[in-house]
Amino acid sequence: MKNCILFLFLSVLTNAQINRFFYEYKYIPDSNDKADVKKEIMLLDIDKNGSNYYSRGKFVSDSTAMADLQKQIKGGAGNINISRRDNPGQVSYKVTKSYPDFKTYLFTRVSMDQYKVIEDQKPEWKILPEKQKIGEYNTQKATTTYGGRDWIAWFSTDIPFQDGPYKFYGLPGLIVKLEDITGSHIMTLVGNKKIEAPLAASEPEMPGNVRLMGIGGKEIEVTKDQYKKVWKAYVNDPSKNMREMMMRNGGGDNTRVAFKVRTSDGKEISDPNQVFREMEKRTKETLAKNNNPIEPDLTK
């Protein structure tokens, strides 16, 4: 009986562990400025149920902001203040895959709404004979066309997971390096370790109708075609969601919404019409400088 109890206890410990893989992600956000190469450490967490791929910087920033928020709510703070972190993370999306069918979702935000976009395309690989050593791993080459780009992957059967960064999976080992043929997006495995599975964090109960942009919230599940329509509408009218929220909450109920922004010269604007014009200008400038997404087919 003791042996049985010990075996069950060890099984629980084993199941509670996560294999965490660290990828250095180098990418060029603006195809017109190839000298501007961004870097981000991405995490691929794998357990028996599936995997999660996300930015380490964003995870740390969101976790700290959520802890601050919970502290303020428990303390009965009249005004909630969420400070901007020094390193909020540059990559805001997350990708999850469930085993054994590898059902894949992209979690991403458009304006104030978060979307859960189901993937309907499986990477179709061509495995090639070329091999090379990357770091400590023996790898083999494979190619695929996916999301509007041609990709080269180097996978290792030394790591027995048929998974990889972003939405990529299905090779006979973990993807150690992945890059598109233009060199705009490169993901390279730089480390790994086993960690204990963290307890699921509960969403704080927000007072009134308060919504926090970029933190928490429920996702709207959509297909890729539905997401493309949402994205197109956002590009055409970036401040639409904000205007609608102000119209809903600026009336006779006890919830009023106020927006303030600062212009590039430091001037504070609070007039709603000016605020929305400034937001639209900034958004269009940002979109123009981020014209080289990892998956071009999603933003066509």
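Reader: What makes the pairing of the side chains of R149 and D180 a polar contact?

Author: The distance between them is 3.0 Å. A polar contact is a pair of N or O atoms within 3.5 Å, where within protein one must be able to donate a hydrogen and the other to accept it, and residues adjacent in sequence count only if both atoms are side-chain atoms; the pair R149 and D180 is therefore called one. The model is a predicted one, in which local features need pLDDT of at least 70 and side-chain atom pairs count only at pLDDT 80 or more, while totals for chains, interfaces and linings use all residues. Residues are numbered from 1 along each chain as its sequence is written, and side-chain values use heavy atoms, with hydrogens and water left out.

Reader: Which backbone atom lies 2.8 Å from a polar atom of the R149 side chain?

Author: The backbone oxygen of P293 does. R149 belongs to strand β9, residues 149-156 (helices, H or I of at least four residues, and strands, E of at least two, are DSSP runs numbered from the N terminus). Not counting residues up to four places away in sequence, R149 touches several residues, among them T144, T182, H185 and P296; contact means heavy atoms within 4.5 Å.

Reader: Is R149 buried or exposed, and how do you know that?

Author: Buried means under 20% relative accessible area, exposed over 50%, and partly exposed in between (1.4 Å probe, protein chains only). R149 has 9% relative accessibility, so it counts as buried.

Reader: How do you know that the length of helix α3 agrees with its number of residues?

Author: The expected span is 1.5 Å times one less than the number of residues. For the 13 residues of α3 (residues 224-236) this gives 18 Å, and the end C-alpha atoms are 18 Å apart, so the two agree.

Reader: Why are the buried residues of α3 said to line one face?

Author: K224, Y227, W231 and Y234 are the buried residues of α3. Seen down the axis, they fall within an arc of 80 degrees, so they line one face; the arc is that of the directions from the helix axis to the C-beta atoms. D225, K229, K232 and N236 are exposed on the other side of α3.

Reader: What is the average pLDDT of the protein, and where is it below 50?

Author: The average is 81, and 69% of the residues score at least 70; pLDDT is the predictor's confidence in each residue, from 0 to 100.
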